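Please look over the following two-chain model with attention to how its elements are arranged. The report below takes up a hairpin, some backbone details, a division into domains and a helix packing.

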Amino acid sequence: MHALIQAIILGILTGGVYALMASGQTLIFGIMKVVNLAQGALVVLGAYLTYTLFTTLGIDPFLSIIITTPLLFLVGIGLQWALLRPLHGEDVAQLSLLVTFAIALAIEGALSVGYGATLTNIQPSYANFSWTIFGYQVSLVRFVAFVLSIVMLGVLYFILRRTKFGRSVRATVQNPMSAQLLGVNANRVSALGFGLGAATAAAAGSVFGMLNSFNPGSHYDLISRLLTIVVLGGLGSIGGSVVAALIMGVASSLVSALASPIWSDFTFFIVLLLVLLLRPRGLFGAKTRGAL
Amino acid sequence: MQLRIHTPEVRRSRRVLAAAGAVLATTLALVGCSAGSTTSTSKGPLKIGISLSLTGDFSDSGKSAQRGYDLWASVTNKAGGILGRKVALTIVDDASSPDQVVTNYTDLITQDKVDIVLGPYSSLLTVPASRVASRYHYSFIEPAGGGPTVFAQKLSNLFFVQPAPTTAGGDVFADYILSLPKDKRPKTAAYAKLDDPFSAPIAANIQKRFEAAGIKTVYDQTYPAETADMTPIVAGIVAAKPDVVVGGTQEGDAFAQIKAMIQQKFNPKWLFEANGANSPGDFPAAVGKANTEGVFSSADWYADSTIAGSKAFIADYIAKYGGTAQQIDPTSAEAYSAGMLLQEVAKKTGKIDNATIITTLHSGTWPTLVGNLSWDKYGAPKGAYLLIQWINGKLTTVYPASKAQASPVAPKPHWAG
Amino acid sequence: MKRAITRIGVVRAGVFFGLLILIPILGGPVWLLNLLIFTVMYAALSSSWNLLGGLAGYPSLGHVAFFGIGAYAFAITFSSGVGNGFSPFLALPVIGVAVALLSLPIGWVSMRTRADVFAIVTITFLFITQTLAFNLTSLTGGAQGTSVAPPPFDVSTYDWPFYYAMLALLAVAMGISFYFSRSKIGLSLATVRADEDKAHGVGVRVTAVKLIAFAVSSGLVAMVGCVWAYYVGFIYPQFAVDPLITIGMVLMAFLGGKGTLWGPVLGSFILVPAQEFFAQTFGASELYLLAYAAVFLVIMLFLPRGILPSISERLRRRKLAAAGDARDAAQLAESKDAVAASKTEVA
């Protein structure tokens with residue numbers, strides 16, 4: 001029983017971080033109808049940036065989010081403008097998907113050249129610190145990461161609900177054609193949306209780097225989990241991805257504790273397949289014609 | 001959707017034939033080219049071909065091996081080479097890929113026509129590479145492929161340059177524990193194993209002997225290579241309250257295990273990590289210098305090793321590459337030792353061809369930086385590793401007594417936090 | 001739009017395969033054969049992928065899963081012994097058909113989705129296969145890998161059987177591709193690719209045709225996996241089911257021309273030697289990921305239809321332009337005659 005509850009606590013805390021990463025990806029899909037296969041790589045990029053800031057300038061990983069987030073925001077805008085906007089033709093969706101895949105590879109390649117393949121992680125002095133609450137271990141880093149994720153999701157929510165840009169985004173997600181007719185600049189929204197998605201990846205990256213050992217190739221594991229989460233939550237629904245992230249965090253943690261860690265990733269795959277078979281639009285996805 | 005190409009047939013066919021002719025000519029030229037390459041004479045340089053992982057997953061270790069090989073070549077050439085011939089190394093990158101390593105050794109042997117080949121980094125690459133060498137009847141002295149699959153191939157040309165097969169890396173720890181009087185031994189044991197050919201078997205071997213001696217297994221878990229988060233596993237270990245924890249690990253996961261134990265404030269009486277804790281620089285950096293105290297591991301070589309030739313090796317290494325002795329990766333010492341074996345065979349027999357190497361190394365004991373080595377007929381070394389422990393911030397040999405620099409410290413002092 | 005068996009096509013195929021068949025016989029060195037084995041392997045993989053991704057319009061990003069399944073099936077069957085060394089090749093069609101049948105339910109499930117979701121499903125399938133390869137240790141040997149017994153081939157011609165096997169598989173893949181383009185199946189696939197709903201509405205047997213493409217493509221890829229496993233002799237999960245192999249397949253098909261017959265072959269004959277050359281000369285093949293990504297991006301952005309279609313498009317335009325000029329010239333000449341004639345009349 002103790003192990004069970006400990007696993008659930010761990011799952012919730014981990015789920016919060018995944019929620020942050022997934023929200024960016026689902027936002028990008030909602031706006032551009034493109035599955036961003038580079039989201040995992042952007043998280044790893046964020047982790048490496050945090051690592052460099054930490055080891056060379058001694059900046060605390062949580063604080064460095066202030067630097068990495070705007071930086072990756074700009075990188076995201078740049079990527080969208082240079083590599084996704086110029087795509088045209090009948091196969092735009094397919095090409096965009098492949099381009100994001102290529103971006104992921106490029107990021108992985110650049111990071112391998114820059115940092116090598118050894119597993120690294122970010123070790124601030126408080127990395128091993130944990131509280132014991134009612135007999136359960138709660139690690140400081142995980143807890144702060146969870147709180148941080150909630151805060152950033154709140155910021156994202158604020159942007160989408162209360163700002164003009166947010167309204168444009170929501171309009172584009174709901175009906176791109178009408179949104180354009182009403183004066184929304186689709187290109188601008190796409191670029192900013194991709195930038196936001198990358199920014200969430202940066203924030204999640206700092207945290208990810210503290211909790212896990214990572215190397216440039218870690219993005220494959222991440223992307224497979226993120227895909228499950230966004231599909232489960234419903235492509236395009238941020239609230240859905242948050243709920244799905246928590247569910248998957250707890251589910252995989254339970255499998256890890258009750259069965260064996262080597263099957264914990266499998267949980268993600270099985271859930272993904274079941275969702276696609278039984279309810280392709282996920283928990284909160286809109287019923288759209290076409291792809292899903 | 002173009003399924004038909006609309007171009008005049010006649011013009012096209014002429015162009016195709018011209019292109020075909022060009023390709024044919026080029027191919028024949030290539031064929032001719034390679035047929036004309038020279039073979040090395042017995043007076044020219046001794047060409048040694050090696051494929052190493054200079055990029056990719058194993059690149060750090062691959063580069064360490066490269067440094068070891070290069071250092072050996074330069075030291076040997078300064079002393080006059082082997083049988084009067086200068087050593088010329090051809091090192092190519094296999095990017096940690098088995099396909100590439102097969103291609104590389106095939107090219108080294110058939111195209112570059114090297115006299116001798118030495119092994120790549122890791123069992124994963126050694127297995128396919130050794131097959132290629134065996135096919136062409138080349139000897140295969142290799143410093144880094146010691147997993148069971150290497151010896152299961154039953155190749156008679158292969159020699160692993162470490163004191164024992166890698167899976168025996170923990171045997172010396174089992175020797176130590178079982179040498180203790182019954183009332184001083186641990187009663188319960190927990191095993192956390194990394195799912196890879198090197199690591200899990202080390203713990204599994206210890207487990208077999210412990211269970212046979214009556215030490216109860218209270219936790220046994222294997223985890224995949226990419227597991228970044230050891231918290232759930234360590235939580236399970238903590239719940240089982242074992243006396244001794246045995247980690248069949250590589251570096252990253254060993255560090256993660258220990259950090260999780262510190263976080264969960266769990267201090268076993270004995271803690272053995274197959275790898276990770278044997279790294280003089282990375283380990284204190286990863287877990288904190290004060291937290292290293294009392295952790296056991298095993299090694300064949302480390303900076304304070306008292307094996308003959310070690311001090312000279314360290315001096316030459318620092319002269320060539322800089323840094324400190326603590327920063328030298330044992331892989332460099334192992335690669336260097338591979339070269340030493342070639343020198344010793346030449347000195348003993350006066351010859352340095354592959355057949356001689358193979359027959360000569362199969363008998364006797366051969367001194368290297370990693371100990372005195374001897375092999376069985378399939379290349380598995382018949383010695384044992386050293387049991388090392390962190391005492392006062394330094395790695396120290398504590399078992400067997402004949403090689404120990406200090407007595408083992410038990411129970412393990414508490415974590416510093 | 002039946003593709004005709006043109007004389008030029010036959011010559012092209014004859015020269016190509018003839019050359020490749022002759023190379024070992026004419027004394028091609030081992031390193032060249034080794035390079036060609038991998039080149040032809042990717043050509044076969046790419047052509048097989050093309051059946052699904054190019055002709056049917058379903059870009060699978062996880063096709064290497066079948067490659068791995070074929071490789072493991074072969075390795076597990078032949079881990080203890082290979083007899084005279086040639087008999088295992090007879091197992092190829094058996095394994096190919098078995099994997100094709102196995103892939104039917106997978107294809108059926110995954111092809112209920114479209115475009116990007118299909119890609120996600122196939123990627124997931126890749127990861128599932130890789131995880132199973134790692135975890136089912138009693139069957140696959142797990143991370144320790146599993147071996148195929150070494151065949152007793154003569155050292156001087158060791159590579160030949162593998163080389164010819166790969167070449168045969170390439171011929172089969174291209175043959176099937178060609179057959180599809182000449183038959184009703186190809187036409188149906190083309191309509192599915194263009195607009196699946198409309199095709200369904202018009203009465204095309206959409207599901208059947210998609211499944212055929214999926215199954216044939218998977219079976220072929222599995223057979224290539226078998227030969228690869230046999231050649232390398234020792235396989236590990238992360239290399240038998242490696243996402244980079246899928247990327248290679250897809251990239252080569254795109255580079256040469258997705259949906260064309262020779263496109264994937266062209267793509268692989270460019271990229272595989274280039275990659276090998278890179279590795280040998282510069283050694284720093286850490287850059288190969290960057291290079292792959294760069295080539296990918298360049299193709300997506302500037303040459304999305306690939307080399308062959310772009311070339312043929314340009315040639316067609318030139319021909320049309322030439323025809324247009326000829327027509328204009330003829331009209332001009334005609335009107336000149338008319339003017340001259342009317343002048344004589346008047347005069």
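## Hairpin and backbone details in chain B

Strand 13 of chain B and strand 14 of chain B form a hairpin with two residues between them, and B:Asn392 in the turn has a positive phi of about 55°. The model is predicted, so local features need pLDDT of at least 70 and side-chain atom pairs count only at pLDDT 80 or more, while totals for chains, interfaces and linings use all residues. Residues are numbered from 1 along each chain as its sequence is written, and chains are lettered from A and ligands numbered from 1 in the order in which they are written.

The two strands, residues 386-391 and residues 394-399 of chain B, run antiparallel and are joined by five bridges; strands pair if DSSP finds at least two bridges between them. Helices (H or I, at least four residues) and strands (E, at least two) are DSSP runs, numbered from the N terminus. Within this pairing, B:Trp390 stands opposite B:Leu395 of strand 14 of chain B.

The segment after strand 14 of chain B holds B:Pro400 and also B:Pro411, and each is preceded by a cis peptide bond, as the table lists.

| Cis peptide bond | Omega |
|---|---|
| B:Tyr399 to B:Pro400 | near -5° |
| B:Ala410 to B:Pro411 | about -5° |

Elsewhere in chain B, B:Leu83 has a positive phi of about 50° although it is not a glycine, and B:Leu83 lies in the loop between helix 2 (59-78) and strand 2 (87-93) of chain B.

## Domains of chain B

The domain assignment, whose bounds come from an automatic or database source, gives chain B domain 1 (46-163 + 308-373) and domain 2 (168-299 + 386-399). Their C-alpha centres lie 30 Å apart, and seven residues of domain 1 of chain B are in contact with six residues of domain 2 of chain B, contact being counted if the C-beta atoms, placed from the backbone, lie within 7 Å.

## A helix pair in chain A

Helix 2 (residues 39-57) and helix 8 (residues 186-211) of chain A pack at an angle of about 55°, with their axes 7 Å apart. That makes helix 2 of chain A oblique to helix 8 of chain A, since angles under 35 degrees count as roughly parallel, over 145 as roughly antiparallel, 65 to 115 as roughly perpendicular and the rest as oblique. The axes are lines fitted to C-alpha atoms, for helices over the stretch in contact, and angles run from 0 to 180 degrees between N-to-C directions.

Methods: Two residues are in contact if their C-beta atoms, placed from the backbone, lie within 7 Å.
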